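This report is a guided reading of one protein model. Please keep the sequence and the structure in view while reading.

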Amino acid sequence: MEQFSGLLRQLRQQLEQVFPTEAGWRQIILPVPERLATMLLEWLAAQAVFPQFYWRQREGQQEAAVCGALRQFTHPAQAQAFLYAYPAARLWGLNAFDNRALLFLPRMEILNYSGKGELTLNLFSEHSLDEDVVAASRWLDELVAAKPLAEMQTTVASVLHQPERSEWENQLRDVLQAIEKRQLEKVVLARRTLLTLSSPLFAPALMAASRKVNHRCYHFMMRFNAHSAFLGSSPERLYRREGRHLLTEALAGTVANHTDGQQARALAQWLLHDVKNQQENLLVVDDICQRLQGGANAVDVLPPEVVRLRKVQHLRRRIEGQLNHGDDADCLQRLQPTAAVAGLPRQAARDFIQQHEPFSRGWYAGSAGYLAVAQSEFCVALRSTQIDGAQVQLYAGAGIVAGSDPAEEWQEIENKAAGLRTLLQPENKL
Ligand SMILES: C=C(O[C@H]1C=CC=C(C(=O)O)[C@@H]1O)C(=O)O
Ligand SMILES: [Mg+2]
């Protein structure tokens, strides 16, 4: 596309300046023509440089495509330390359920803020900025223009749940017993579904398909290389921080959605008044409020509301507060994982998951997003999938509390998984 080659020309011109031969940090920032700014996923999908990270914020105000890693961080504390040293940087990526992370300073970042596009080329070296400019200019040679995304062609050859239904329901009964004995209040039990496809899946095509139909969600995709990616369309905000102002939420408690508006509203009314679901949500509120103690003040919990998604509806209570420090390593440490994905008491629930779940959660139920000094935002990495060629792993979990019914909870995880699964298996109506 003409527009992208124009941007590349401007970048190359700027790289012709003289740069210092000592450690340094620079950013070249250019406005992006509107047409390119609205094709960020298509642009990213066309590139052969990795890692790649795509992000569209839930309210749709912000979209980003970033690629190439100048620095990688395997723990949020390392990322935070880098931001203190280089306050203009913005880091992108994933935090795992077990606190590992893959956050990176991208070589290139293209943002679209409500239709206004901006490209940033990061230049960074701890030895010689001039050397990095040479590397950056070679790196630019790899980039290509955006291409339209082809539709997904693949079909599902086999499906395997881990655990299978009977085993998952047995685990659920174990949780209910532990709840009765007051050893636990809540555990979020998850399932992994392995889909084997007829041919390798092109992750951006699934991201595009999901973005089209899964509204009121964050959309995120990390491509590690040409064949493997982790992506999802999640309704849940872990937190958004604007300076010291913190926005978070308790999203827990679920009922099915219905295509008929009136029936969907009746289900939503039921959800708002159901004791078990209210309890499930309030435990998350309690957990978040406790975890914010000592780190935030003026914490305010808003009244419950119902969020209607394509396959399910959720109870949500928004929570706001003022942080003592605008430090994301601290926010992540306090908030992740919430009781919407782990349980309560947190450590006991995590131990239960660790001992009983027959798979590792990987990036599922961690978080995806970005951090920067001024602002940061992470969604909870739910309704997500790990793609490795023709192997697809889909994850879904449900909060088990007193009063949970095994068959209903199984149906709940089927409905949650359906947000992505029906895109791969349109015949699987659910
Ligand atoms: C753990 C998941 O959902 C959480 C978020 C919303 C509602 C939930 C529930 O009602 O159980 C879960 O806590 C998942 O989608 O895998
Ligand atoms: Mg639930």
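The sections below go from the domains to the strands, a helix, the annotated residues and the ligand.

## Two domains

The model is predicted. The domain assignment divides the protein into domain 1, residues 2-140, and domain 2, residues 156-424. Taken over C-alpha atoms, the centres of domain 1 and domain 2 are 28 Å apart.

The two domains touch each other: 28 residues of domain 1 are in contact with 38 residues of domain 2. On the side of domain 1 that touches domain 2, at least two residues come from each of α3 (40-46), β2 (52-56), α4 (76-85) and β4 (90-95). The greatest contribution to this side is that of β4, which gives six residues. Sorted by class, this side of domain 1 has 20 nonpolar, five polar and three charged residues.

## Paired strands

Strand β6 (residues 116-125) pairs with two strands that are described here. Strand β1 (residues 24-32) runs antiparallel to β6 and is joined to it by nine bridges. Strand β5 (residues 101-113) also pairs with β6 in the antiparallel sense, over six bridges. Leu121 of β6 illustrates both pairings, as Leu121 is the bridge partner of Ile28 and is also the bridge partner of Met108. Two residues lie between β5 and β6, which form a hairpin. In the turn of this hairpin, Ser114 has a positive phi of about 45 degrees.

A further hairpin joins β14 to β15 through three residues. Strand β14 (residues 305-308) and strand β15 (residues 312-323) run antiparallel and are joined by four bridges. Within this pairing, Val307 has His314 of β15 as its bridge partner.

## The buried residues of helix α7

Helix α7 covers residues 203-213, and its buried residues are Ala203, Pro204, Leu206, Met207, Ala208 and Ser210. They pack against α3, β2, β9 (218-223), β10, β19 (384-388) and α12 (406-424).

## Residues annotated as active site

In an unreviewed UniProt entry, the annotation "active site" covers Lys186 and Glu236. Lys186 lies in strand β8, whereas Glu236 is found in the loop between β10 (228-234) and β11 (237-242).

Is Lys186 buried or exposed? Lys186 counts as buried because 26 other C-beta atoms lie within 10 Å. Glu236 is likewise buried, because 26 other C-beta atoms lie within 10 Å of Glu236. Leaving aside residues up to four places away in sequence, Lys186 touches Glu280, Leu283, Ala339, Gly343, Leu344, Ala349, Gly399, Ile400 and Val401. With neighbours within four places likewise left aside, Glu236 is in contact with Leu251, Ala340, Cys379, Val380 and Leu382.

## Residues annotated as binding site

The feature "binding site" is placed by UniProt, in an unreviewed entry, at Glu280 and Glu412. These residues are spread over 133 residues of sequence, yet they cluster in space, with a largest C-alpha distance of 13.6 Å.

Glu280 is found in helix α9 (residues 275-292), and Glu412 lies in helix α12. Glu280 is buried because it has 26 C-beta neighbours inside 10 Å. For Glu412 there are 20 C-beta neighbours inside 10 Å, so Glu412 also counts as buried. Apart from neighbours within four places in sequence, Glu280 is in contact with Lys186, Ala252, Gly253, Gly399 and Val401. Glu412, with residues up to four places away not counted, touches Thr254 and Ala398.

## The surroundings of ligand 1

Which residues are the closest to ligand 1? The closest are Ala252, Thr254, Ala340, Gly397 and Gly399, and 18 residues surround the ligand. Two or more residues of this shell come from each of β8 (186-197), β12 (245-256) and β20 (391-400). By class, the shell has nine nonpolar, five polar and four charged residues.

Ala252 and Gly399 are among the contacts of Glu280, Thr254 touches Glu412, and Ala340 is in contact with Glu236. Gly399 is also one of the residues that Lys186 touches.

Key: Residues are numbered from 1 along each chain as its sequence is written. Chains are lettered from A and ligands numbered from 1 in the order in which they are written. This is a predicted model: local features need pLDDT of at least 70, side-chain atom pairs count only at pLDDT 80 or more; totals for chains, interfaces and linings use all residues. Domain bounds come from an automatic or database domain assignment. Two residues are in contact if their C-beta atoms, placed from the backbone, lie within 7 Å. Ala, Val, Leu, Ile, Met, Phe, Trp, Tyr, Cys and Pro count as nonpolar, Asp, Glu, Lys and Arg as charged, and the others, Gly among them, as polar. A residue is near a molecule or strand if its C-beta atom, placed from the backbone, lies within 6 Å of it. Two strands pair if DSSP finds at least two bridges between them. UniProt positions are given in the numbering used here, feature names are shortened, and annotations may be inferred rather than shown by experiment. A residue is buried if 20 or more other C-beta atoms lie within 10 Å of its own, exposed if 12 or fewer, and partly exposed in between; C-beta atoms are placed from the backbone.
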